[in-house]
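Trainee: I am new to this structure. Please take me through the terms used for it.

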Amino acid sequence: GPWMSEAVWAGRCALLWCFACAVVACVMSVGGSCIFSGLGDYWNCGRLVATESFARLVIGAVLTLLGARSAIAFGLAIALAPIISAAVVTRLGSKVRLRSGPQVSWRQVTKAMGWLVLGSVMAQFLANAGPLAVQFLTPYTQENRTGLFLSALVVSRLSLSLFRAVPPTTLPTLPELL
């Protein structure tokens, strides 16, 4: 924690906690969208993603209008958006009702989950390795380059954020709906 806080967030330990909370919140949000898509409830799956994006936009706009200049405030906003979205769309969990499926062994479940988790972690690592590499490799005198790189990366990834509304779990079932 202290090393990562110093190396990535210039010693701001609170940003490390914002990051940890955002990871947990995003896991909750992605899990919710996968549950909805697995149940064939594509309407609520889309609402979950749209509500999360809207919550981020509104929280960011409110913080900006209030004159917030703290990275910690915006870090908390990133962590809060998925939680707000999941709470609103699922009505605090009352909307999600799971049905029994075919019996599978724990061995099958853990093997499949292991590959899914490994694939997700590797995808996130590859997607976010660029900003970390720039942060570590940029000389101290050119610190503003990291911000420029991150800004360009965010703009270039807008299409990927929009594609998140169609998670890979829904792709095999979409042809059946047409």
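Mentor: Read along the sequence, the chain runs α-α-α-α-α-α-α-α, with eight helices and zero strands. Helices (H or I, at least four residues) and strands (E, at least two) are DSSP runs, numbered from the N terminus. This is a predicted model, in which local features need pLDDT of at least 70, side-chain atom pairs count only at pLDDT 80 or more, and totals for chains, interfaces and linings use all residues. Residues are numbered from 1 along each chain as its sequence is written, and side-chain values use heavy atoms, with hydrogens and water left out.

Trainee: Why is Ser85 called buried?

Mentor: Buried means under 20% relative accessible area, with a 1.4 Å probe and protein chains only. Ser85 has 0% relative accessibility, so Ser85 counts as buried. Of the 178 residues of the chain, 22% count as buried.

Trainee: Where is Ser85, and what does Ser85 touch?

Mentor: Ser85 lies in helix H4 (residues 71-90). Leaving aside residues up to four places away in sequence, Ser85 touches Leu48, Thr51 and Glu52; contact means heavy atoms within 4.5 Å.

Trainee: How are helix H3 and H4 placed, by their axes?

Mentor: The axes of helix H3 (residues 42-65) and H4 come within 8 Å and cross at roughly 145°. Axes are lines fitted to C-alpha atoms, for helices over the stretch in contact, and angles run from 0 to 180 degrees between N-to-C directions. Residues making the contact include Leu48, Thr51 and Glu52 of H3 and Ser85 of H4.

Note on methods:
Buried < 20%, exposed > 50% of the residue type's maximum accessible area, 1.4 Å probe, protein only.
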